[in-house]
Amino acid sequence: MDVEAALEKFYSMKLAEVIPPMTAMPVVTADSDLLNVLKILRARHHVWVVRDWESMELLGIIKYLDVIDILLPPELHGFKLGMTSKSMKSLLGGAAKAEDVAERHPLTIERDATVLDTLKKMKVYRAQVLAVVEGGKLVGEVSLRILIDEFLRLLKVGGAQWKE
């Protein structure tokens with residue numbers, strides 16, 4: 001299988017074939033203590049926030065860079081009237097749970113989407129990771145790292161070699 005054939009196969013793969021198991025994902029419930037979220041973010045670039053373990057309804061995402069807002073004192077957030085204040089996402093501003101700081105409406109893609117659909121969405125939104133959902137329920141995640149790993153695995157399995 002040459003690289004072009006491998007790419008064609010890769011593009012048509014469904015996300016269900018690519019996404020890692022849920023147990024490998026950073027997921028917390030809305031009522032999770034913010035300090036536990038920070039512990040996860042020491043080793044991960046994001047944490048998905050779900051309503052509860054039973055429903056797995058996706059509420060939001062907390063990204064690594066959000067830690068800046070969490071740790072900054074409220075007076076350094078530059079509050080402007082009429083805007084949702086990031087100071088409320090500060091530990092000193094009253095944030096205590098994951099739902100207090102989660103970015104609502106994270107980028108999602110359906111589980112039955114293809115890798116090509118995923119790459120297109122990532123390009124349009126300049127996103128490195130998307131929540132994989134099925135009817136609003138978090139069922140996985142797909143990141144550029146996961147896609148790179150899958151493409152390289154496909155090349156190795158298919159016996160394709162990079163030409164020099």
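Guide: Let us start with helix H2 (residues 34–41), where Leu-34, Val-37, Leu-38 and Leu-41 are buried. Please keep in mind that this is a predicted model.

Visitor: What do the buried residues of H2 pack against?
Guide: Their partners are strand E1 (27–29), E2, E3, helix H3 (66–71) and helix H4 (98–101).

Visitor: What makes Asp-33 a cap for H2?
Guide: A side-chain oxygen of Asp-33 lies 3.0 Å from the backbone nitrogen of Leu-35, at the N-terminal end of H2. The cut-off for a polar contact is 3.5 Å, so a pair at 3.0 Å qualifies.

Visitor: Why is Met-56 called buried?
Guide: Its relative accessibility is 9%, and buried means under 20%, so Met-56 counts as buried. Met-56 is found in the loop between strand E2 (46–50) and strand E3 (58–63). Its phi is near 55°, a positive value in a residue other than glycine.

Visitor: Is His-105 buried or exposed?
Guide: The relative accessible area of His-105 is 73%; exposed means over 50%, so His-105 is exposed. This residue also has a positive phi, near 60°, without being a glycine. Its place is in the loop between strand E4 (103–104) and strand E5 (108–110).

Visitor: What is the order of the strands in the open sheet of three?
Guide: The order is E5-E6-E7, with mixed pairing.

Visitor: Why do E5 and E7 count as edges?
Guide: E5 and strand E7 (137–143) each have a single partner strand, so one side of each is left without a neighbour in the sheet. Neighbouring strands here are turned by 40° against each other on average, direction ignored.

Visitor: What makes E5 and E6 a pair?
Guide: Two strands pair if there are at least two bridges between them; three bridges join E5 to strand E6 (residues 129–134), so they pair. The two strands run parallel, and Ile-109 stands opposite Val-132 in E6.

Visitor: Which residues of H5 are buried, and which are exposed?
Guide: In helix H5 (residues 115–125), Val-115, Thr-118 and Met-122 are buried. They cover an arc of only 60° around the axis, so they are on the same side of H5. On the other side of H5, Lys-120, Lys-123 and Val-124 are exposed. Arg-126 follows H5, and its phi is positive, near 50°.

**The cores**

Visitor: Which residues have the most contacts inside the largest nonpolar core?
Guide: They are Phe-10, Leu-15, Ile-109, Val-132, Val-142 and Leu-147, in a core of 21 residues. Helix H1 (3–12), H5, E6, E7 and helix H6 (144–158) each supply at least two residues of this core, and H6 gives the most, with five. Apart from it lies another core, of 16 residues, among them Leu-34, Ile-70, Ala-95 and Ala-98.

Visitor: What does Val-142 touch?
Guide: Not counting residues up to four places away in sequence, Val-142 touches several residues, including Leu-15, Ile-109, Thr-118, Met-122, Val-132 and Leu-147.

Technical notes
Residues numbered from 1 in each chain as written. Predicted model: local features only at pLDDT ≥ 70, side-chain atom pairs only at ≥ 80, totals over all residues. Heavy atoms only, no water. Helix = DSSP H or I, 4+ residues; strand = E, 2+ residues; numbered from the N terminus. Buried < 20%, exposed > 50% of the residue type's maximum accessible area, 1.4 Å probe, protein only. Axes fitted to C-alpha atoms, helices over the stretch in contact; angles between N-to-C directions. Arc of directions from axis to C-beta. Core = buried A, V, L, I, M, F, W, Y, C linked by side-chain atoms within 4.5 Å. Contact = heavy atoms within 4.5 Å. Polar contact = N/O pair within 3.5 Å; in protein donor to acceptor, adjacent residues only side chain to side chain.
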